[in-house]
Amino acid sequence: MIIETKNLGFGYHKDEFLFRNVNFQVEKGEIYSILGANGAGKSSMMNCLANLLKPVEGEILLKGKELSTCSLSEVAATIGYVPQIHTPAYGYEVRDFVVMGRAPHLGLLEKPSKKDYELVDQVLEEFGIAKLAHRAYTELSGGERQQVTIARAVVQQPDIIILDEPTNHLDYGNQIRMVHFIRQLADRGYGIIITSHMPDHVLLLDGKVGMLCPDGSFQTGNTAEILTEENLRKLYGIDVHMMYVEKLKRNVCIAGERL
């Protein structure tokens, strides 16, 4: 098991929890999607998993070892983390920004090699953003930055990649392309944890699902168990319908009321 949570709980104020009793496991090649409304605590949970925030209760195990006892190099070699928002500090060229993902594989004073840059070029090509290679990262749009930051995590070649709302800032076409690319990453053996507020993206990924409810409770199971009309209505507070589309050979989620 790459990562496992046991009775995980977190809150920013004493006796006020964003979530409690979070239990799930993710192995290589698996996708675990976490659904929740805005402000529910999804990003805080991802920051706990990435060792950026300390849980108030419970534990996180990384390959069976308590995460808080792992060295920075152990965490970096195992977890690739893409936050929802990344603020650039310097105008690196995209190619140089992405190659920073190779840092866990380099010595203290070692520079990226030709092979490292070849991997960068390959990933940029797969993402369809090779044209950005020599653009300054600070000049990119929000959607382009999101794609480039995910590319850096892939270049890191960790065991598991944590993506906090990776389709944020992307147009509809690039959202769907990103969902399909995430599926491909899992097929290559990466474990994936993704947060989303788009049920249809979770349906497309069709993996394990966790639902972070407004009251801080957490439900987990497979897609069919968690993505029900009843659960989604409670989560989003609107009329929601799950419908099977014969042409697509899958369920889709649609809002049933006029807004």
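Which residues does threonine 5 touch, not counting residues up to four places away in sequence? In this predicted model, the contacts of threonine 5 are Val22, Asn23, Phe24, Leu49, Glu59 and Ile60. Threonine 5 itself belongs to strand 1, which spans residues 3-10. Its relative accessibility is 2%, and because buried means under 20%, threonine 5 counts as buried. The side chain of threonine 5 also reaches the backbone oxygen of valine 22, at 3.0 Å.

An open sheet is formed by 4 strands in the order 2-1-4-5, with antiparallel pairing. Its edges are strand 2 (19-26) and strand 5 (65-66), each of which pairs on one side only. Strand 4, residues 57-62, runs antiparallel to strand 5 and is joined to it by 2 bridges. Here leucine 62 stands opposite lysine 65 of strand 5. Helix 1, comprising residues 42-49, lies across strand 1, strand 2 and strand 4; with strand 2 it makes an angle of about 55 degrees.

A further element to consider is helix 9, which covers residues 229-236 and has Asn231, Leu232 and Leu235 buried. Viewed down the axis of helix 9, the buried residues fall within an arc of 95 degrees, and therefore they line one face of the helix. The exposed residues Glu230 and Lys234 are carried on the face turned away from that buried side. Just after helix 9, glycine 237 adopts a positive phi of about 70 degrees.

Conventions
Residues numbered from 1 in each chain as written. Predicted model: local features only at pLDDT ≥ 70, side-chain atom pairs only at ≥ 80, totals over all residues. Heavy atoms only, no water. Buried < 20%, exposed > 50% of the residue type's maximum accessible area, 1.4 Å probe, protein only. Polar contact = N/O pair within 3.5 Å; in protein donor to acceptor, adjacent residues only side chain to side chain. Contact = heavy atoms within 4.5 Å. Arc of directions from axis to C-beta. Pairing = 2+ DSSP bridges. Axes fitted to C-alpha atoms, helices over the stretch in contact; angles between N-to-C directions.
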